[in-house]
Amino acid sequence: MMTAKSFDKFYAAVADGVARLLADNKNLVCVLLALNLPLFVHVYLMIEYSPLVVTDAVLFALMVAKLATEILIPRAVKEIREYREVYDNLDAATIEITHNESNLPFVIFILGESTNRNHMSIYGYDKPTTPNLQRRLDAGDLIVFGDCVSGATETMPSCQRMFTFYRNEMHDDGRPWYTYTNLFDILKAAGYHTAWLSNQEVTGIYGNVPRAYANRCDEKNFTTLHDTETTVYELDEKILPLLDASLAENSYAKNFYVLHLLGTHMNYRARYPDEFDVFRPEDESAEVPLQRKYQAAYDNAVLYNDFIVEQIIERFADKDALIFYVADHGENVFEDGEILGHGPYGDKWQFEIPALIWLSDKCKATRPDLCEKIAAAQNRPFMTDDLIHALLDLLEIHTPEFDSRKSLFSPDFDATRKRIYKDHEYRDGQLIPLSN
Ligand SMILES: [Zn+2]
């Protein structure tokens with residue numbers, strides 16, 4: 001029998017061996033990249049910080065080897081191939097605009113990361129993790145959407161669905177996501193200056209889809225030039241100087257910004273500076289002390305995320321602007337005592353995301369119809385694989401693929417649509433197997 005503690009030693013020895021090999025052989029870095037090393041790190045973290053007691057080390061080692069050979073290596077190869085096809089396909093796209101009354105000068109889309117709305121006080125969480133958003137809400141500046149779920153529970157599949165007409169029902173069509181028209185080409189054709197500013201990786205196994213979108217934009221900038229294998233990430237505040245520099249140069253009549261944050265992604269403690277280390281493990285609910293430590297760090301990351309969103313809002317306070325914040329997916333922070341993180345087979349915590357709209361005073365004063373349209377959508381059941389329809393509706397831009405029944409903001413919205421991902425349906429706050 002092997003306990004979690006003796007497993008730590010086993011992993012420490014493996015990590016040492018890998019470090020020594022890396023020091024001697026630069027090519028091995030590429031091999032490890034293809035093997036999707038971060039997933040192994042995730043597995044390691046799950047073991048270290050879960051109450052799991054592993055009874056058969058050999059069985060576990062075989063499982064990891066099986067995972068590597070049957071899933072990770074083919075996946076890496078597939079993604080490298082796909083990456084090339086994405087660029088060829090996107091370049092070949094032709095855009096037809098059928099209706100364009102867009103005139104909002106500043107539309108800012110904050111793409112959040114791994115944020116479970118059940119940890120936000122504006123969604124009823126019992127700790128004050130979103131004081132700035134709460135203030136905006138109390139002042140009547142903010143619309144909080146109560147029933148939004150993500151279209152997938154990992155960054156790449158979620159981003160594929162958010163910014164193209166590809167949606168979950170199309171999964172079995174055999175037509176890849178990048179053959180569907182993307183938002184950025186449409187916005188450009190409709191007269192928007194598009195910009196992608198990011199505190200996420202430039203490229204790497206988790207960053208290729210956002211990178212492909214960034215390349216479709218008129219302007220793109222990243223806080224650092226790192227890839228997935230680099231362990232040092234910047235705090236989200238590093239995106240603010242990029243935004244300031246872009247706004248200082250800005251002379252366009254219509255602007256669409258995506259601000260891609262690291263948000264509340266693992267490693268939670270690395271997401272916020274010391275002054276946001278407010279919530280303590282002893283305030284948390286999990287029974288296992290290490291799990292409480294993770295929950296506290298997550299809540300602090302949510303608190304810092306609230307601060308970052310406020311910093312962005314302040315930069316548009318005197319402009320005619322709309323800010324839309326949506327997380328790519330949620331996160332399970334030992335909600336049910338066992339799972340940490342997010343993955344391909346999500347649970348309800350990984351689907352339940354925050355979705356918020358802030359409108360500037362100028363925007364509110366000049367666009368009462370828009371305000372009404374947004375307010376009416378507040379409690380509609382939405383899945384973000386239809387986000388492109390909602391965004392085009394807000395901006396009053398239509399293409400042949402646009403369907404008002406799929407737009408969160410349309411009176412035509414089809415609230416009866418089943419929100420299905422893989423073999424589960426999200427219904428009444430639960431994830432239900434389709435066979436039921
Ligand atoms: Zn993500």
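Analyst: Two strands pair if DSSP finds at least two bridges between them. Helices (H or I, at least four residues) and strands (E, at least two) are DSSP runs, numbered from the N terminus. This is a predicted model, in which local features need pLDDT of at least 70 and side-chain atom pairs count only at pLDDT 80 or more, while totals for chains, interfaces and linings use all residues. Residues are numbered from 1 along each chain as its sequence is written.

User: How many helices and strands are there in the chain?

Analyst: The chain has 436 residues. Its DSSP runs come to 14 helices and 16 strands.

User: Which strands are at the edges of the seven-stranded open sheet?

Analyst: The sheet has mixed pairing and the order S3-S11-S8-S2-S7-S5-S6. Pairing on one side only marks the edge strands, S3 (142-145) and S6.

User: In S6, what is the bridge partner of Leu-197?

Analyst: S5 and S6 (residues 219-222) run parallel and are joined by four bridges. Along this pair, Ser-198 stands opposite Phe-222 in S6. Leu-197 has as its bridge partner Asn-221.

User: In S7, what is the bridge partner of Ala-195?

Analyst: S5 also pairs with S7 (residues 255-260), in the parallel sense and over six bridges. The partner of Ala-195 there is Tyr-257.

User: How many residues of strand S5 are buried?

Analyst: A residue is buried if 20 or more other C-beta atoms, placed from the backbone, lie within 10 Å of its own, exposed if 12 or fewer do, and partly exposed in between. Over the chain, 39% of residues count as buried. S5 (residues 193-198) is largely enclosed by the rest of the structure, because the buried residues number five of the six.

User: Across which strands does H10 lie?

Analyst: H10 runs at about 170 degrees to S2. The strands that H10 lies across are S2 (106-112), S7, S8 (321-327) and S11 (355-359).

User: How are H5 and H10 oriented to each other?

Analyst: Helix H5 (residues 131-138) and H10 have axes 7 Å apart, packed at about 50 degrees. Residues are in contact if their C-beta atoms, placed from the backbone, lie within 7 Å, and here the contact is made by Pro-131, Asn-132 and Leu-133 of H5 with Asp-306, Phe-307, Val-309 and Glu-310 of H10. Angles under 35 degrees count as roughly parallel, over 145 as roughly antiparallel, 65 to 115 as roughly perpendicular and the rest as oblique. The two helices are therefore oblique.

Notes
Axes are lines fitted to C-alpha atoms, for helices over the stretch in contact, and angles run from 0 to 180 degrees between N-to-C directions. Two residues are in contact if their C-beta atoms, placed from the backbone, lie within 7 Å.
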